[in-house]
Amino acid sequence: TPEASSEVSGSFLMDRDHRQPEFLNKADQALSDLQETFFEHLKQGRLHEATELILNHHDDDIKLLDYYDKVFAPTLQETGALWASGEMSVAEEHMISSVIDKLMTRLKSEKSDSRNEAKPFTAVLMLPGAEEHEFPLKMTDEVFKHHGWKTFYLGRSIPVSSLEDFFKKKKVVLLVLSVTLSRHLNSCEALIRAIKAFDPDLRPQIMVGGGAVESEAMALNQLGADIYLPSLQALDQGLDEIEKSLL
């Protein structure tokens, strides 16, 4: 489907021009080489070899975020490009996405990334309207957890009527929304408008981004969000400032 093919291309969680080989350091080059071999295995249907390649690439200095940003995200981008050009079927594309999703789950259980001490911040992560692309949002969840936040990952198809009471009970300070396809921007805007009609004392700040959100101006002025972030790296590096703004 078109939705599946654009799972990560230009998504909220990824730098849009993430691969510039001439600027890669040694570690980044190693991950770039890993990504190329990984993708070649997947294209040829060698799923076991692709999985083992990642699982055997042990390096405690490499964060989960790096695997996502430099291996999985570009693989999904290239997969979507092949689907769009007719060089890959929907079934093959879904197969690759499934392999990556399982690998992310496995790596999360095995990686020894240190986490900050628990902080007094709670975030809810969800998709607006009919948006279906959960994979990037799952990685956002990991970044917040890494920084000591408590999170509630709600995913998709959550009725607005259930949110106000949930925000109140869980003392949510930040709602994170991601929009990958432009046709879901109206749903995102409507959701934000509805949430802003909640009791101001209960309403969380709203963060939004995604491939369909082209700029900070669009996020804040058109959609009505409070915070815009273009990438996972930006979230990882800028969360301290966001925390200060929420105190």
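Predicted model: local features only at pLDDT ≥ 70, side-chain atom pairs only at ≥ 80, totals over all residues.
Residues are numbered from 1 along each chain as its sequence is written, and side-chain values use heavy atoms, with hydrogens and water left out. Local features need pLDDT of at least 70 and side-chain atom pairs count only at pLDDT 80 or more, whereas totals for chains, interfaces and linings use all residues.

The chain contains 10 helices and five strands (DSSP runs numbered from the N terminus: helices are H or I with at least four residues, strands are E with at least two). Of its 247 residues, 49% are buried (under 20% relative accessible area with a 1.4 Å probe, protein chains only; exposed is over 50%, partly exposed in between). The chain exposes about 11800 Å², of which carbon and sulfur atoms supply 48% (Shrake-Rupley method, 1.4 Å probe). Of the contacts (heavy atoms within 4.5 Å) between residues at least 6 apart in sequence, 76% join residues at least 24 apart.

A nonpolar core is a set of buried Ala, Val, Leu, Ile, Met, Phe, Trp, Tyr and Cys residues joined through side-chain atoms within 4.5 Å. The largest has 44 residues, and Phe38, Phe72, Phe144 and Met207 have the most contacts inside it. Elements giving two or more residues to this core include α2 (26-43), α5 (90-110), β1 (122-126) and α10 (232-246). The most, nine residues, come from α4. Another core, of 25 residues, lies apart from it and includes Val179, Ile192, Ile195 and Ile206.

Lys171 lies in the loop between α7 (163-170) and β3 (174-178). Although not a glycine, Lys171 has a positive phi of about 55°. Most residues other than glycine have a negative phi. Lys171 is exposed, with a relative accessible area of 67%.
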